[in-house]
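Visitor: I would like to go through the helix packing and the salt bridges of this protein. Could you guide me?

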Amino acid sequence: MMITKEVEIGGKKLIIETGRYAKQANGAVMISYGDTMVLVTAVASKKPNTTLDYFPMSVEYKERYFSAGKFPGGFIKREGRPTEKEILSGRLMDRPIRPLFPKDYNNDTQIAAFVYSYDGENNPDVIAAIGASAALAISDIPFLEPLGQVRVGRINGEFIINPTVEQDKEGDLELIVAGTESSIMMVEGEGHEVSEADILAALKFAHVEILKIIALQNELVEACGKPKMVVEEKSVNEELVKEVTDLSYERYKEVVYSKLAKEDRYAKNDEINDSVLEALAEKYPEEEKDIKNILHDIEKDLVRKRILEDGNRLDGRTLTDIRPIKSEVGVIPRTHASALFTRGETQSLTTVTLGTARDQQIVDGLDEEVKKSFYLHYNFPPFSVGETGRYGFIGRREIGHGNLAERALKFIVPATEDFPYTIRVSSDILESNGSSSMATVCAGSLAMMDAGVPVKTAISGIAMGLVKEGDNFAVLSDILGNEDHLGDMDFKVAGSTDGITAIQMDIKIQGISFEIMEKALEQAKDGRLHILGKMNEALSAPREAISPYAPSLIFIQIDPEKIGAVIGQGGKVIQGIQKDFGVEINIEEDGKVAIAGVNTEDARKAKEFIKAIVTDPEVGMVYKGKVIKITDFGAFVEFVPGTQGLLHISQIALERVNKVTDILKEGETIDVKLLKMENGKFSLSRKALLEAKKTEEKKVDNSEKKED
């Protein structure tokens with residue numbers, strides 16, 4: 001039976017339909033907003049996965065090119081590996097729903113979203129996230145409660161729910177907010193130095209619409225929801241828990257309450273774990289996994305207890321202390337710029353490369369193809385956490401962290417008209433113990449200043465954490481990796497002294513209050529400003545000049561109708577200019593020509609050469625030409641690139657010339673004067689210049705005689 005429910009969100013109808021598509025899935029909905037439609041399915045295995053100690057859920061988001069009436073690019077003409085947009089959209093679905101499953105639920109679960117129609121206005125990512133919640137809500141999968149997700153924009157000071165793609169470009173704020181009936185589950189977005197108060201107001205504005213979306217799903221569940229599968233609580237061997245606790249609690253407490261480096265802490269933890277496993281191996285030969293889980297819970301409880309009761313953390317800091325910071329710039333000699341940012345045991349080595357328009361990143365998808373002149377790549381090699389691992393594969397986490405850092409920094413990048421370079425920022429995480437994406441933001445800001453990019457301001461980033469037990473909670477500034485792992489929230493905030501440029505929040509519990517959000521935002525601001533102060537000690541303003549290894553860019557505006565003359569047949573002319581002058585040339589459709597060369601003088605010469613090509617020949621002007629061909633009656637001289645004229649034998653010299661080759665050679669460069677233009681033919685003279693020179697010499701000679 002097909003069931004449809006609808007509600008108005010942001011002035012448009014949000015429609016959820018079920019019972020028509022994909023009926024063998026545990027839950028499936030077709031969700032529409034405007035003319036954008038996404039099919040979302042939820043499927044789970046019948047039995048728990050007992051081999052894993054984590055929740056095995058995967059989320060797939062696929063954009064079908066046919067949904068926008070487009071063909072896939074490439075030779076195969078078929079959708080291939082996920083694009084960055086698809087990966088990021090999948091993360092927007094995954095992150096808010098992951099905490100909303102029972103603790104003991106461990107069945108393989110897969111959410112799949114397919115964009116079937118795209119109207120060019122309504123972004124399908126938020127719609128897909130709502131569809132994921134709805135599909136889970138009506139299924140027999142034990143999903144704790146439905147959630148809603150919306151995009152919030154702001155234009156001229158007014159908040160907008162689910163702005164169109166074009167409205168998004170006009171606004172100074174974009175937030176994607178997911179929430180349940182009582183709290184916020186996820187935040188992701190960017191802004192033009194937006195205040196903490198404005199962020200909080202945007203979240204509250206979003207939650208009003210989220211409640212409508214949740215009510216719609218509840219209506220759907222009431223109409224066709226399936227009974228939820230029973231999740232068996234894992235039995236607890238109280239005797240085993242007591243024995244593990246007796247053997248490890250005091251030893252773990254000593255480690256938790258000691259100020260230790262990450263590796264030392266891990267080594268002591270491993271020592272405790274190994275000794276407990278060895279002590280209980282004979283009595284509990286098949287319970288190794290359970291013993292490890294008990295040990296993990298003991299450490300978690302002790303860490304959280306110390307934070308909540310004493311306000312002290314693993315490394316001895318208070319809740320608001322920031323780890324020691326060291327900022328260095330110009331550490332790599334032959335890159336265009338570099339920065340090494342170290343905060344505690346987290347370190348980013350970031351470089352900046354400046355290029356031309358040819359180096360822009362082409363982004364293809366359901367919307368029109370666009371070119372990005374600023375992009376950031378984040379790399380997380382396994383040695384950064386002291387592990388071995390696979391190289392050459394960029395994971396979803398790296399793409400997500402890089403996107404967040406790019407969002408944080410793109411606001412300060414100057415307009416192309418003011419700084420016409422393509423900018424690539426590349427961050428390699430060399431050490432990691434919490435918040436490497438925010439270290440990337442700090443290092444990226446410093447590296448762009450080191451590159452001489454005239455950025456608007458410096459940007460820093462900080463990661464906030466949370467420990468919450470009942471009504472008691474503590475917000476942590478600049479969290480460690482363990483505080484992220486054992487805590488309840490990872491809340492990243494980046495911005496300048498004047499406001500926030502990027503924000504991302506994920507939680508592991510079933511929602512947090514606006515009170516916690518407000519405290520986290522204010523505490524993050526204090527930390528952000530502290531970090532900016534430390535960064536300014538290394539470099540507080542952009543360098544006045546770019547690196548000598550970066551290309552020099554020179555521009556010339558030409559008549560668009562002359563573009564063909566500069567390019568030449570089959571690209572012969574432009575390729576010749578690039579080869580002869582050692583430059584790279586890019587020509588826009590409007591006639592703007594960018595000339596890039598490591599040697600500035602060569603770039604200037606190339607500019608003059610192009611200028612000569614596009615400037616119409618003028619009678620009476622003198623040109624430096626090249627002898628292309630010699631005949632019995634004269635020589636053909638290329639006096640303007642791509643344009644030849646006849647230098648008649650009678651116009652070669654003052655005296656009579658019997659044989660042209662007595663005076664000229666092919667390939668020789670000579671000065672000529674344009675005598676006349678007729679029917680597209682040009683007559684040149686060398687003789688006229690020689691006569692003028694002779695006359696001038698006579699004048700000088702006569703003048704000298706008079707003086708004598």
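Guide: The conversation below takes up helix pairs and then salt bridges. This is a predicted model, in which local features need pLDDT of at least 70, side-chain atom pairs count only at pLDDT 80 or more, and totals for chains, interfaces and linings use all residues. Residues are numbered from 1 along each chain as its sequence is written, and side-chain values use heavy atoms, with hydrogens and water left out.

Visitor: At what angle do α4 and α11 pack?

Guide: Helix α4 (residues 196–224) packs against helix α11 (residues 514–538) at about 155°, and their axes are 10 Å apart. The two are therefore roughly antiparallel (an angle over 145 degrees).

Visitor: Which residues of α4 and α11 meet there?

Guide: With contact taken as heavy atoms within 4.5 Å, α4 contributes residues including Ile-199, Leu-203 and His-207, while those from α11 include Phe-514, Met-517 and Arg-528. The residues of this contact divide into 6 nonpolar, 1 polar and 6 charged.

Visitor: And how do α1 and α2 cross?

Guide: The axes of helix α1 (residues 84–97) and helix α2 (residues 124–138) come within 9 Å and cross at roughly 40°. In their contact, Lys-85, Ser-89, Leu-92, Met-93 and Ile-97 of α1 meet Asp-125, Ala-128, Ala-129, Ala-132 and Leu-136 of α2. These residues divide into 7 nonpolar, 1 polar and 2 charged.

Visitor: Changing topic, how many salt bridges are there?

Guide: The count comes to 39 salt bridges, each being a side-chain nitrogen of Lys or Arg within 4 Å of a carboxyl oxygen of Asp or Glu.

Visitor: Where in the chain do Arg-313 and Glu-483 lie?

Guide: Their side chains meet in a salt bridge at 2.9 Å, N to O. The pair links distant parts of the chain, with Arg-313 in the loop between α7 (288–310) and β11 (325–329) and Glu-483 in helix α10 (residues 481–486), 170 residues apart.

Visitor: Is Arg-313 buried or exposed?

Guide: Arg-313 is buried (under 20% relative accessible area), at 1%. Glu-483 also counts as buried, at 5% relative accessibility.

Visitor: What about Arg-20 and its partner?

Guide: Arg-20 forms a salt bridge with Glu-17, and the closest N and O atoms are 3.6 Å apart.

Key: Axes are lines fitted to C-alpha atoms, for helices over the stretch in contact, and angles run from 0 to 180 degrees between N-to-C directions. Helices (H or I, at least four residues) and strands (E, at least two) are DSSP runs, numbered from the N terminus. Angles under 35 degrees count as roughly parallel, over 145 as roughly antiparallel, 65 to 115 as roughly perpendicular and the rest as oblique. Ala, Val, Leu, Ile, Met, Phe, Trp, Tyr, Cys and Pro count as nonpolar, Asp, Glu, Lys and Arg as charged, and the others, Gly among them, as polar. Buried means under 20% relative accessible area, exposed over 50%, partly exposed in between (1.4 Å probe, protein chains only).
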